[in-house]
Amino acid sequence: EVGISEEGEENKHIIVFVHGYQGNSWDMRLFKNHLALIFPEHLFLLSSNNEGHTEGDIGDMGGRLASEIVEFIVENCPLGFKKLSIVAHSLGGLIARAAIAKKKMEPYLSRLHTFMSLASPHCGYMYSKNTVLETGIWVLKKWSKSLCLTQLSMTDDPNPENCFVYKLSKQRGLEHFQNCLLLASQQDYYSPFHSSRIELHHDALRSQKHGKVYTSMVQNLLKPLKRPIRRYNVSFVNKKTNLDSIIGRTAHILFLDNHLYMVMVCHVYKSLFE
């Protein structure tokens with residue numbers, strides 16, 4: 001339980017950046033650099049423990065991230081710290097939630113400050129309209145035996161309520177943060193808009209097969225929240241037409257690469273990272 005005592009506590013704010021599927025720590029470097037210019041006194045952790053492991057179990061990834069955070073705290077904040085925030089992209093949002101639910105994170109739950117997810121499919125790929133993505137996921141699940149994609153598509157168990165994404169929705173997590181921001185884009189077909197925003201989908205209200213399961217996931221995530229969640233729809237200007245823009249991947253990547261939007265987010269909402 002290093003770094004949680006009130007006496008002699010340092011006024012440190014730790015910001016953890018979590019990459020997504022098949023990503024690495026450098027994916028988040030631009031976002032980190034923008035925040036570091038505003039808050040040079042903060043401590044920044046670009047998570048790398050899951051590099052090369054994102055085809056595996058999301059729960060295991062959460063365990064590795066939790067261990068990485070605790071190790072960072074022990075090494076860099078021997079006298080304590082004040083706040084811990086997380087910025088996560090894509091799959092990283094679910095990894096971060098899985099990490100928060102780990103027992104080793106319990107001593108630090110009271111220090112959780114801001115959670116920001118960038119195009120993270122918190123409710124999986126249910127009701128995705130991207131047939132290209134659905135086909136790609138099917139191929140990857142068969143070819144690379146990707147457990148992660150099986151979990152995101154909620155096919156890891158015949159009973160949807162036994163699937164990992166559903167069970168994760170019932171675990172503690174977002175309610176411990178003082179601020180929760182969900183960024184999504186309707187141009188992004190890699191992470192369903194409604195899933196990134198954790199909100200109901202009209203098809204779920206009419207579906208007899210999985211509608212109740214999806215609605216229950218949304219309620220599981222939102223009901224414990226003590227403060228209003230903030231949802232933002234990001235529209236990117238993209239004048240190029242290529243394969244990535246056609247299949248909806250461009251916007252998903254622009255969450256990591258677009259300087260203008262990063263500057264706007266970091267300055268307009270900088271109070272959430274103070």
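**View 1. The largest nonpolar core of the predicted model.** This core holds 56 residues, and those with the most contacts inside it are Ile14, Val16, Ile58 and Ile86. Helix α2, spanning residues 58-76, contributes the most to this core, with eight residues. Another core lies apart from it and has 27 residues, including Ile15, Leu30, Phe31 and Met116. In soluble globular proteins, nonpolar side chains tend to be buried together.

**View 2. Surroundings of Ile58.** With neighbours within four places in sequence left aside, Ile58 touches Leu91, Leu94, Ile95 and Ala98, among others. Its contacts also include Cys148, Gln151, Leu152 and Phe164.

**View 3. The open sheet of six strands.** The strands pair in parallel, in the order β2-β1-β3-β4-β5-β6. Because β2 (43-46) and β6 (230-233) stand at the edges with a single partner strand each, one side of each has no neighbour in the sheet. On average, neighbouring strands of this sheet are turned by 15° against each other, direction ignored.

**View 4. Pairing of β3 with β4.** Strand β3 (residues 83-89) runs parallel to strand β4 (residues 112-118), and five bridges join the two. Leu84 has Leu112 of β4 as its bridge partner.

**View 5. Helices α1 and α3 against the sheet strands.** Helix α1 (residues 29-38) lies across β1 (13-18), β2, β3 and β4, and runs at about 180° to β2. Helix α3 (residues 92-100) lies across β1, β3 and β4, at about 145° to β3.

**View 6. The chain as a whole.** Twelve helices and six strands make up its secondary structure. Of the 274 residues, 53% are buried.

Technical notes
Residues are numbered from 1 along each chain as its sequence is written. This is a predicted model: local features need pLDDT of at least 70, side-chain atom pairs count only at pLDDT 80 or more; totals for chains, interfaces and linings use all residues. Side-chain values use heavy atoms; hydrogens and water are left out. A nonpolar core is a set of buried Ala, Val, Leu, Ile, Met, Phe, Trp, Tyr and Cys residues joined through side-chain atoms within 4.5 Å. Buried means under 20% relative accessible area, exposed over 50%, partly exposed in between (1.4 Å probe, protein chains only). Helices (H or I, at least four residues) and strands (E, at least two) are DSSP runs, numbered from the N terminus. Contact means heavy atoms within 4.5 Å. Two strands pair if DSSP finds at least two bridges between them. Axes are lines fitted to C-alpha atoms, for helices over the stretch in contact, and angles run from 0 to 180 degrees between N-to-C directions.
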